[in-house]
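Please open the model in your viewer and keep a selection tool at hand. The stops below are meant to be taken in order.

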2 protein chains.
Amino acid sequence: MTKYVGKNIPRLDGYDKATGRGLYTTDIYLPHMLHAAVLRSPYAHAKVISVDVSEAEKMEGVVAIATKDNTPRTYFNATASMFLTNLPDKPVLDQQIFSDVVRYIGDEVAAVAAETEAIAKEALKKIKVVYEELPAVYNVDDAMKDGAPQVQPDFSPGNNVCGGVVKIRYGDAEANWDKGEVFAETKVYMQRIKQAQLETHGAVADYNPKGHLKVYSTTQTPYPAKMILATIFDMPASNVHVKNPPYVGGGFGVRIGLSAKAEAIASALSILAKRPVKYIYSRSEDFLTSDSRHEGYIVSKISAMKDGTFVALDTRAYMNTGAYATLGVELAGVTGANGTSGAYRFPNIHYDGYVIYTNQETAGAFRGFGAPQGAFALETCVDQLAKQLGRDPLDLRLQNALRDGDEWWFPYPITSCKLMDCLKEAAKSIGWDEKRGKKQTGTIRRGVGIGCGTHVSNGAPFCLDYNAAFMRIEVDGSLLVSSAVPEIGPGSTTGLLQIAADAVGVPMENARFAFGDTDVAPFDVGSHASRTLYSAGYLLVRLAVDLREQIFEWAGKFLDVDPSTLDLVDGQIVSKCDAAEPHIEPTPLSYLAHQAHLRAKQFVVSGCKAPTNSPPFHAHAAEVEVDMETGMIKVLKLAAAHDVGVAVNPILVEGQIESGLIMGLGYALREEMTYQEGKGFYNDSYHKYMLPTMDETPEMESIIVEGFDPDGPFGVKGVGECGMIPTAPAIVGAVEDAIGIRFYEIPLTPGRVLKKIKEVYGD
Amino acid sequence: MTKYVGKNIPRLDGYDKATGRGLYTTDIYLPHMLHAAVLRSPYAHAKVISVDVSEAEKMEGVVAIATKDNTPRTYFNATASMFLTNLPDKPVLDQQIFSDVVRYIGDEVAAVAAETEAIAKEALKKIKVVYEELPAVYNVDDAMKDGAPQVQPDFSPGNNVCGGVVKIRYGDAEANWDKGEVFAETKVYMQRIKQAQLETHGAVADYNPKGHLKVYSTTQTPYPAKMILATIFDMPASNVHVKNPPYVGGGFGVRIGLSAKAEAIASALSILAKRPVKYIYSRSEDFLTSDSRHEGYIVSKISAMKDGTFVALDTRAYMNTGAYATLGVELAGVTGANGTSGAYRFPNIHYDGYVIYTNQETAGAFRGFGAPQGAFALETCVDQLAKQLGRDPLDLRLQNALRDGDEWWFPYPITSCKLMDCLKEAAKSIGWDEKRGKKQTGTIRRGVGIGCGTHVSNGAPFCLDYNAAFMRIEVDGSLLVSSAVPEIGPGSTTGLLQIAADAVGVPMENARFAFGDTDVAPFDVGSHASRTLYSAGYLLVRLAVDLREQIFEWAGKFLDVDPSTLDLVDGQIVSKCDAAEPHIEPTPLSYLAHQAHLRAKQFVVSGCKAPTNSPPFHAHAAEVEVDMETGMIKVLKLAAAHDVGVAVNPILVEGQIESGLIMGLGYALREEMTYQEGKGFYNDSYHKYMLPTMDETPEMESIIVEGFDPDGPFGVKGVGECGMIPTAPAIVGAVEDAIGIRFYEIPLTPGRVLKKIKEVYGD
């Protein structure tokens, strides 16, 4: 029935990227453009008594210096939380461009715009700042103690809990707890990791005192970025124009809203200088002063019957959100929602999520958005329960897995669920039956593990989700779709054009998608929460209905036939198959559109829709090899089975899954931001941060367990984040299968593993 | 009733332009961008036998060379005529990027894209072209002779008449001619002049083989430019994106459609090079190879009663359109329509317009679009008739002037007409009664003259006219209007925002107009034919109705009141004055829009409308001083009274009128493109072309005779071109009043005037 949906259409941005001709923010050049550098706090917590820029201002080539004394003091939240949060007491607006207090090592103190970046950096050295150091707190437990230093006294009075405790209640876990016969309990620790996206944060801001503010940006959400900037600078939102250039070198959650403070700082300087200002984060700035994944710990308890049936789940999560809220609060919701309860039939759920301020770099959104932490906690506890029950972990999961038509705590129904198939397919691919539970000896020991989960197809209910867009037929019958969604890498604009072309009924070659620009289209959330294809696609199929109706109405008059008998197929106006005879001669839309043009008519529609939120499901299985002498873990294979509804572009879906698998492998085994109290993070570059490389990349099998979601456009569900959710649990489970040791803390670095091996097996 | 319409709101582009920060095409820089230079024909007419680029290609830094051998041979018309003409046998598609025949000195033969402009120019010298010279023809009379060389044998077989004779018939001039009692006949000659706009033509084209063609352009009609490029390069129109950068340094008709061939050549080179290419015309190229105003002659005959009542008009116009049609054919229509009959009650009209191909530079659209030529012809003939009747020329005009409710030949009704007031006001301002007909003696002699006319508020019926646009309310209640109209100088985007803000009911400070970009908005004709404010405004007020309806519907539910009782005034939702009590508390749109956003709703509308075409009217009076010894003419004062309906922004209307007056003065007295057979035009720069300067600028009084046009948005009519239409007639009439000599040829250069003085008065 579809010509493009379901096909491996080569991604439209591929040529630009493969040839290096595609533009990114750093490529933007504007006449008279200045370059920025930022002065950052050397203290984890201090009052900024004074900032003296007099010497710096005198430097040749310095044009403007922004400090807390000459920039807006408006409180904001640099993430889309500011305009999208759906949690009751939010958004938490705890940031300023520059503030009277610095709250982590790297916090912004001043910024210089100069004719060259070198001059700007030199000028930073001449800015004299007087600080008054304050007591600092670095971890969750210390921060929750009575009398702990207060990181954000105005926003978490008396404690350091950011945004209040996030609670999820379903059924009655307390009342029903004791109905269970077996009780498992685990406490897991997760490290902080960094998105390490290829392109660092950046912005080129061009402020016109009489007109507007135009900002080229690395944001993954152009529209929310526009709204945040309008708020900070007290401008009408219509006067702020945010655009991707058009490409963004990855996002993974690190720039939902602003790109750290790149847009705000570049804009503040442009306002002062009345000239365009480019500010591109160095790799080090990007590592040390933009959001990362939350570190923390989660205590999970499962109450179950002896036959394995789950009775209740009790989860408490404690996440170190660092100095500012950003998306921490919403994330705690998702940790509780999708990570700790999602994929199983739990009739009773109790979840409390604590997001704790500390004087570390801010933690925020990161692919999976809390779900990888939650999944690690829950899947560890499920494995524990299986062990207590003497059950095969796969079998226990199959017993309790959600299925079609189930009720659950999430406010959107399970419209389609192929979790059982995912579990079976992943297990089959990894060779579960042959390999699991085989006692290993010798230096190199192998094992297999499994994990499963669910996620979302957009940010609802924690975040607002809807889209507006435009669609038009050009004078030659070609289709132009305008939506403010960005293209941050997954190829979603290709997939959306496949959807639009099929929905309208025109050849994809005669269609284009204008994206990533708040002037070309009305409100769109942007790219986050695995939403883009699902949510934007949801609107496009509905706009296509309106557009077709407009075409048929005009064509009916022009061709003198009943509009309701008309269809548009592959760019031809034809009679519907079931229309009464005689059928019309096929009329090319190109001809019709030109005739309409000659009669002063263009087919053009606009609209705005909120989608529902269909849950995707997935199961990952891992096979690993552990070296008992070195503690080195080698992942031999990852098998990932995903229920994504219909895969619009299977090869792009596989790309999403595989990239998630590698990120999940890094999370499980290698990546870790190491905080050194009083000195900040050790890891400030790719050199000092152990990303997985091709050497660590295992055999991967991505299995698309295709279904059809009745709420998704053409049956689609989200997929972007899912690849990294149950990866760490599967790997950690496989390690346990190999060497009989369960790890409750990631990453499983050789040091940590070897230490444990020695504890268990002796030297 | 209006808050902004009618007010002198400072133009929004003023800051950018006054400070030099506004971007024009030449300011656009793209990474890896190449620079272009063009090889042009040294012959007025020749076959291009071969173009050998082998030596040029070898040069270091040369990346691509475009010739007739490697570029599309699609025939096109580089002007908007290609998609907008409404004349039956059109458009005339007689251009190619590079062709087998060159038809004027300067015609394009090849283009080079190189790392620098200097390399590109050097490479031109190494291209070897073999020409076979053909017989050429340079003027209208020669071109119409039997056996004349054929300039475009495929498009005017057997003669050189481009696009066929343009005929206007109204009543029956032939049958009623003899009912007149007095007959006047004049033949006037008009020179070729150049728009000499500040910014030369230019384009930066960026072609992506997998995606689309993006072109920054100096066009005054982005959408038609996009459609023309799509045709030339056989691409879907949706894949072509044309944008102004956003500013364009003047248009005056010279770039309706493409900017000469800038966009086509830059695109052809970008396609070959797969890199962005910038091509900026030199001033000389702009002068010598882009459209100018038609030279030619017009024979006018009036049949009238002895009491002065007009009986019939017979006009034959012969215009030299040069080598290609561009907008010549449509222009001949307007010459006949508005220039030779427009402002008077002629019950019988016979008009034949001949547009003649020659081997000169192409003539095309130029502010007034044929009307200045026609007005010079008709007003000369009316003055002649007055002389024959012994009547005061003002008096004769008042007797025959069109007035409200009159029927006329134009297919749109006279919806409002204050021509009588214009004539009286202009005469009063110049001191007609005291100064006219006073016998002058001595060396310096003074006189006054008058002329009047009408024009259009858009290109209909000769050209198609309609608009499509988008409008949305942002989450903070601010308004964003998206229309593809450009801002080429008149301040029309400021005026349109005034209209939109009043029509929607929001503060103008909270509104912005996104313009000049085919991605931000659907089809719009662009800026020509005095249409922008009238035609785009026409749509905006209607879109505002839809937008308000959408807002009221949502607000009604949200506030629990009947939507039909609501009004939106200055950004506040209020009860209509006449709504039943109780009235609601005023609710800020900012609050409502945010509440709507939180419920997944943005107010967004799109639409498409064709306006009618309300004629503006005007009268100009001039006072001049003639030096009998030198032949020098000094214009002391120009008084211009204009019926523009409502002046949305009076100071901008005055700017339009005054700039038209100065252009008209240049036309009457100074400007002339001088063709040297076999060598081309002498005038290739501002240095060699006698534009009026501040020295020649007289006292000017712009009188806005304000009315209210029922069809115009907020009562508006067109004004952009009118200032230059009856200026030359008024000046030439004033010269006759001063020295008793009627001139039938412009410009009245000192040499031409002195020669005539000597003929009449002796040495």
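**First stop: a serine and its surroundings**

Select A:Ser81 and, leaving aside its neighbours within four places in sequence, you will find it in contact (C-beta atoms, placed from the backbone, within 7 Å) with A:Lys90, A:Pro91, A:Gly257, A:Thr326, A:Leu327 and A:Glu330. This is a predicted model, in which local features need pLDDT of at least 70 and side-chain atom pairs count only at pLDDT 80 or more, while totals for chains, interfaces and linings use all residues. Residues are numbered from 1 along each chain as its sequence is written, and chains are lettered from A and ligands numbered from 1 in the order in which they are written.

A:Ser81 belongs to helix α3 (residues 81-84) of chain A, where helices (H or I, at least four residues) and strands (E, at least two) are DSSP runs numbered from the N terminus. With 32 other C-beta atoms within 10 Å, A:Ser81 is buried; the cut-offs are 20 or more such atoms for buried, 12 or fewer for exposed, and in between for partly exposed. A:Glu330 is 249 residues from A:Ser81 in sequence, yet their C-alpha atoms are 7.7 Å apart.

**Second stop: an exposed alanine**

Move to A:Ala580, in the loop between β21 (572-575) and β22 (587-588) of chain A. Is A:Ala580 buried or exposed? It counts as exposed, because it has 9 C-beta neighbours inside 10 Å.

**Third stop: two helices and a third**

Now select α7 (residues 222-232) and α8 (residues 262-273) of chain A, whose axes (lines fitted to C-alpha atoms over the stretch in contact) come within 10 Å and cross at roughly 45°. That angle makes α7(A) oblique to α8(A), since angles under 35 degrees count as roughly parallel, over 145 as roughly antiparallel, 65 to 115 as roughly perpendicular and the rest as oblique. A:Ala225, A:Leu229 and A:Ile232 in α7(A) meet A:Glu263, A:Ala264 and A:Ser267 in α8(A).

Go on to α18 (residues 650-669) of chain A, where 15 of the 20 residues are buried, so this helix is largely enclosed by the rest of the structure.

**Last stop: the side of chain B that touches chain A**

Finally, show both chains: 52 residues of chain B are in contact with 52 residues of chain A. On the chain B side, β23(B) gives the most, with four residues.

Terms used. Axes fitted to C-alpha atoms, helices over the stretch in contact; angles between N-to-C directions. Contact = placed C-beta atoms within 7 Å.
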